[in-house]
Amino acid sequence: MSQAIRTILGKYEGENPGCKAKLYTMMNHGKLAGTGRMVIYPVDQGFEHGPGRSFGMNPSAYDPHFHYKLAIDSGVSAFAAPLGLLEAGADSFAGSVPLILKINSGNTLTKPYGGSDQAVTSAVADALRLGCVGVGFTIYPGSDVTYDMFEEVRDIIADAKAAGLAVIVWSYTRGNMSKEGETAIDVVSYGAHMACLLGAHVVKVKLPTAHLEKTEAKYVYQDQKIAIDTLADRVGHVVDSCFAGRRMVIFSGGAKADDAAVLADARAIRQGGGNGSIIGRNCFQRPYKEAMTLLDQIIQVYT
């Protein structure tokens, strides 16, 4: 075990050996093995946005095996997806890459209830059956159904930890705030902190902007001169909000962008002390070779 991984696992006091072993598996797999940093490849966008919007620009990506192969060949730390997609390649690629079962999902065909919500679409038992290292769950702090989602994830976290699985919480702030506020630094860091309080091992958030949404928070940020001017500053503040770095935090890649922008974000995440990236659309919406090249460049940033 590398010293970097040993230091990170030492911060997870109170966790059982099974959970720590699964975190170790992710951190010790692929090209970033032993560094304490991770790049995770998620493919849940077909559920969230529909197959045409997600894969139409690269038809090879309709095939679940495309994603397994990309995750394996690129040397990412783990591959996250909903139940059906993981099942569609589970036999062919068993043991080749750590798997994360995305256990709840939304879609764009229904009118958002109270702003945002997701349905629980699989279970911890499915993750165990498929040999996953962990489960992923989305919460929407700020939505009218926030408290319901907190109670859902409470039960999922308890079941996952009892089974010795890692828990990754997607914490996307939205609902009772402006559109700009969804990525405001005070709001994003608040959502990250709540994910930690709920028991997440790894927190996934969007990259924050310098916007301050809440008046009460704005006063404190300005009065205490909390550094938020640069993206690296803001990443560092989110890391501080995750128990002063005692919980790993990774940042989503978002919609497809040019290579330079994606790599600039990765450099800021590393500079700010983040644990890595979780990047999907910016990879699978490119042809295979281009996706491989981009993932290799991102991984090199974190090496």
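The crossing of α9 and α11 is right-handed, meaning the near helix is turned clockwise from the far one by less than a right angle. This is a predicted model, where local features need pLDDT of at least 70, side-chain atom pairs count only at pLDDT 80 or more, and totals for chains, interfaces and linings use all residues. Residues are numbered from 1 along each chain as its sequence is written, and side-chain values use heavy atoms, with hydrogens and water left out.

Back to the pair. Helix α9 covers residues 185-197 and helix α11 residues 231-241; helices are DSSP runs (H or I, at least four residues), numbered from the N terminus. Their axes come within 8 Å and cross at roughly 30°. Axes are lines fitted to C-alpha atoms over the stretch in contact, with angles from 0 to 180 degrees between N-to-C directions. So α9 and α11 are roughly parallel to each other, a term for angles under 35 degrees.

Who touches whom? From α9, Ile185, Val188, Ser189, Ala192 and His193; from α11, Arg234, His237, Val238 and Ser241. Contact means heavy atoms within 4.5 Å.

How many cavities of 30 Å³ or more does a search of the whole structure find? One. A cavity is a set of points on a 1 Å grid, over the protein atoms alone, where a 1.4 Å probe fits but cannot get out. Val188 is in its lining, along with Tyr172, Glu182 and Lys206, among others; lining residues have an atom within 4 Å of a point.

Technical notes: Helices (H or I, at least four residues) and strands (E, at least two) are DSSP runs, numbered from the N terminus. Angles under 35 degrees count as roughly parallel, over 145 as roughly antiparallel, 65 to 115 as roughly perpendicular and the rest as oblique. On a 1 Å grid over the protein atoms alone, a cavity is a set of points where a 1.4 Å probe fits but cannot get out, and a pocket is an open set with protein on both sides within 12 Å along at least five of seven lines; lining residues have an atom within 4 Å of a point. Grid points are joined across faces, edges and corners, and a volume is the space filled by probe spheres set on the points.
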